[in-house]
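Trainee: I'd like a close look at one part of this fold, please. Could you pick a strand in the sheet and walk me through its neighbours?

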Amino acid sequence: MKEVSIRFLPLTPEQEVLNREMTRRQELRSNYLVPIYFMHTKNVPSAEAQAALAGVTDALLASGQNRKIVNFGSQAFGQGPYLNPEWYVEETLKKQKLQKVAGYGQQLIANNVMQHFYQEPWQKQPHWEVFVLNRDLTAWGRDGLLNYIFGLTNSEFAASIQSITRIMSEIPTEDLRKAMIRRLLRHEVGHMFKLPHSNRPNIEIKLGLHCTNICTMRQGMSITEWAKQTIEEAKRGIHFCEDCQRDLAQERNRFNPLPSQR
Ligand SMILES: [Zn+2]
Ligand SMILES: [Zn+2]
């Protein structure tokens, strides 16, 4: 038998402290009713920012969970690291070696933006993140960078980064545009609430797990498809279908109230 040697590097006391702190934060984000922080860049017009926020609110109300949404808008607290929404974009672009364009200006690699959320000092008060921007996005897929993405959601952390750029340029009708953006955020925050569950009927795997009913949680692969789905659901007055509402009901009592803050 070949000898295999696995060497563990002992952690320094500082690293141990950091590890413990990161575990504490994740434990709170996963099992407690932490707030949802909402922010957007300055180039997201206010009507579209309102529509996005309405989508987050739709999903929260449907979840029945007692969480706060903290709306930071495009507010800047200063020019340094993590102090304003633009910093998350500029810092990512600065470190992004690959320049990729797919018809809507230089793309931002969403995974790299996500990294800043994992590391930001504001997570000392653990919270979920929703970031809306007006810049075309891409992300790392199995075979390299994808052509483009609407957005990226990590439902474990949980954090979501969404772009309105393609909806803005392809949908001239304001009402439809706002409805589509609202649905986009409703859908992504739906994922943060763990929709849809994998052990129920009427689901499919299409770039992640999605609902196949007439429902916000259907996957839309293009702007045209997204528009069609948005109109269809509006006509029927449906946000989340009955299957998805049942999933949300199962999640509802899973979370603990926040321990009182020191
Ligand atoms: Zn989805
Ligand atoms: Zn559904």
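Mentor: Let's start in β9, where A159 is the bridge partner of E129. Before going on: this is a predicted model, so to speak of local features we need pLDDT of at least 70, side-chain atom pairs count only at pLDDT 80 or more, and totals for chains, interfaces and linings use all residues. Residues are numbered from 1 along each chain as its sequence is written, while chains are lettered from A and ligands numbered from 1 in the order in which they are written.

Back to our strand. β9 covers residues 159–163, and a strand here is a DSSP run of E with at least two residues, just as a helix is a run of H or I with at least four, both numbered from the N terminus. β4 and β9 pair in the parallel sense over five bridges; two strands pair if DSSP finds at least two bridges between them. With β8, strand β9 pairs in the antiparallel sense, over four bridges. There, Q162 in β9 is the bridge partner of G151. A hairpin of four residues joins β8 to β9.

Now zoom out a bit. β9 belongs to an open sheet of five strands in the order β2-β1-β4-β9-β8, with mixed pairing. The edge strands, each pairing on one side only, are β2 (69–73) and β8 (151–154). From one strand to the next, the twist averages 10 degrees.

On from β4, we reach β1. Strand β4 (residues 128–133) pairs with strand β1 (residues 36–40) in the parallel sense, over five bridges. In that pair, W128 of β4 stands opposite I36.

Finally, look at what lies across the sheet. Helix α2 (residues 46–63) lies across β1, β2 and β4, and runs at about 165 degrees to β1. Such angles run from 0 to 180 degrees between N-to-C directions, using axes fitted to C-alpha atoms, for helices over the stretch in contact. Contact is when the C-beta atoms of two residues, placed from the backbone, lie within 7 Å.

Note on methods. A residue is buried if 20 or more other C-beta atoms lie within 10 Å of its own, exposed if 12 or fewer, and partly exposed in between; C-beta atoms are placed from the backbone.
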